[in-house]
Amino acid sequence: REMNLKLSQSRAESVMKYLIAHGIDAGRLEAHGYGPDKPMDSNDTNDGRQRNRRVEFHILDQDK
């Protein structure tokens with residue numbers, strides 16, 4: 001479980017670093033890794049585990 005959480009956080013931070021490197025202000029971003037806590041599909045199959053390896057974006061304020 002802890003390893004999956006670390007991998008999830010690393011994935012989120014990697015995407016954040018990419019966005020910063022391409023001009024997005026770091027102060028507008030947060031990275032949160034949830035690991036096995038918020039699956040979108042079953043972890044009982046390879047396809048389900050693959051779908052659970054994802055990054056989500058939540059737009060909080062479109063006026064900026």
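**Ground rules**

I'm working on a predicted model, where local features need pLDDT of at least 70, side-chain atom pairs count only at pLDDT 80 or more, and totals for chains, interfaces and linings use all residues. Residues are numbered from 1 along each chain as its sequence is written, and side-chain values use heavy atoms, with hydrogens and water left out.

**Asn-52**

I looked up Asn-52 and found it in helix 2 (helices are DSSP runs of H or I with at least four residues, strands are E runs of at least two, both numbered from the N terminus). Skipping neighbours within four places in sequence, I get Pro-39, Met-40, Asp-41, Ser-42 and Asn-43 in contact with Asn-52. Met-40 sits 12 residues away along the chain, yet its C-alpha is 5.8 Å from that of Asn-52. A polar atom of the Asn-52 side chain also lies 2.8 Å from the backbone nitrogen of Met-40.

Is Asn-52 buried or exposed? I have it as buried, at a relative accessible area of 16% (buried is under 20%, exposed is over 50%, partly exposed is in between, with a 1.4 Å probe and protein chains only).

**Asn-4**

Next I checked Asn-4, which belongs to helix 1. Its relative accessibility is 41%, so I log Asn-4 as partly exposed. For Asn-4 and Gly-35 I noted 31 residues of sequence separation and a C-alpha to C-alpha distance of 5.1 Å.

**Whole chain**

I counted two helices and zero strands. The radius of gyration comes out at 13 Å, well over the 11 Å of the globule rule for 64 residues, so the chain is more spread out than a compact globule (taken over C-alpha atoms; the rule is 2.2 Å times the number of residues to the power 0.38). The C-alpha trace spans about 40 × 20 × 15 Å along its principal axes. Buried residues make up 9% of the 64. Of the contacts between residues at least 6 apart in sequence, 42% join residues at least 24 apart.

**Largest pocket**

How much space lies in the largest pocket? My entry says about 1300 Å³. For the record, a pocket is an open set of points on a 1 Å grid over the protein atoms alone, where a 1.4 Å probe fits, with protein on both sides within 12 Å along at least five of seven lines; lining residues have an atom within 4 Å of a point. The volume is the space filled by probe spheres set on the points, which are joined across faces, edges and corners.

I listed 34 lining residues, with His-32, Val-55, Glu-56, Phe-57 and His-58 nearest the centre. Helix 1 (2–21) and helix 2 (46–52) each supply at least two of the lining residues, and helix 1 gives the most, with eight. By type, I have 15 nonpolar, nine polar and 10 charged (Ala, Val, Leu, Ile, Met, Phe, Trp, Tyr, Cys and Pro are nonpolar; Asp, Glu, Lys and Arg are charged; the others, Gly among them, are polar).

**His-32**

I stayed with His-32, in the loop between helix 1 and helix 2. His-32 is partly exposed, at 46% relative accessible area. Beyond four places in sequence, His-32 is in contact with Gln-9 and Ala-12.

Notes:
Contact = heavy atoms within 4.5 Å. Polar contact = N/O pair within 3.5 Å; in protein donor to acceptor, adjacent residues only side chain to side chain.
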